[in-house]
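User: I have a new structure to look at. Can you take me through it?
Analyst: Here it is.

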Amino acid sequence: MTFKTQPHRYTIDLAPTSRAHCRGCRKLIEKGGLRLVIHAFVKPNRRTMLARHLNLECVGPAIAADVMRARGVGNGAVHVSGRVEPKVVARVWTQMEAHSSLGRA
């Protein structure tokens, strides 16, 4: 049986607890810290959540490029939590755009 894969979805928010480890540096993401959550498709009706610190060391150029592509697609592919200040969001988009250009092939 074959199935159609689905694109990842992304969330930018503040960590509600300090239990998650960053998939980039493997350190704990502190409570209230800015993070990128990747909602990865695994198989039909199955997704997993992968968290990363929202900085350029933990979010590589390839992931930044994927996030920027998903942001352009719309349809809720990138969700930004209302708890994140608008000026922080603007700075994140600027950094992601610059960083994503390194990951484009």
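Analyst: First, a convention for charges: Lys and Arg count as positive and Asp and Glu as negative, while His and the chain ends are not counted. The place of a charge is NZ of Lys, CZ of Arg, CG of Asp or CD of Glu.
User: How many positive and negative side chains are there in the protein?
Analyst: There are 18 positive and 6 negative side chains, and the centres of the two sets are 9 Å apart. This is a predicted model: local features need pLDDT of at least 70, side-chain atom pairs count only at pLDDT 80 or more, and totals for chains, interfaces and linings use all residues. Residues are numbered from 1 along each chain as its sequence is written, and side-chain values use heavy atoms, leaving out hydrogens and water.
User: OK, which elements does the protein have, from the N terminus on?
Analyst: The order is β-β-β-α-β-α, with helices (H or I, at least four residues) and strands (E, at least two) taken as DSSP runs numbered from the N terminus.
User: Is Cys58 buried or exposed?
Analyst: Cys58 is buried, at 6% relative accessibility. Buried means under 20% relative accessible area, exposed over 50%, and partly exposed in between (1.4 Å probe, protein chains only). Cys25, at 31%, is partly exposed.
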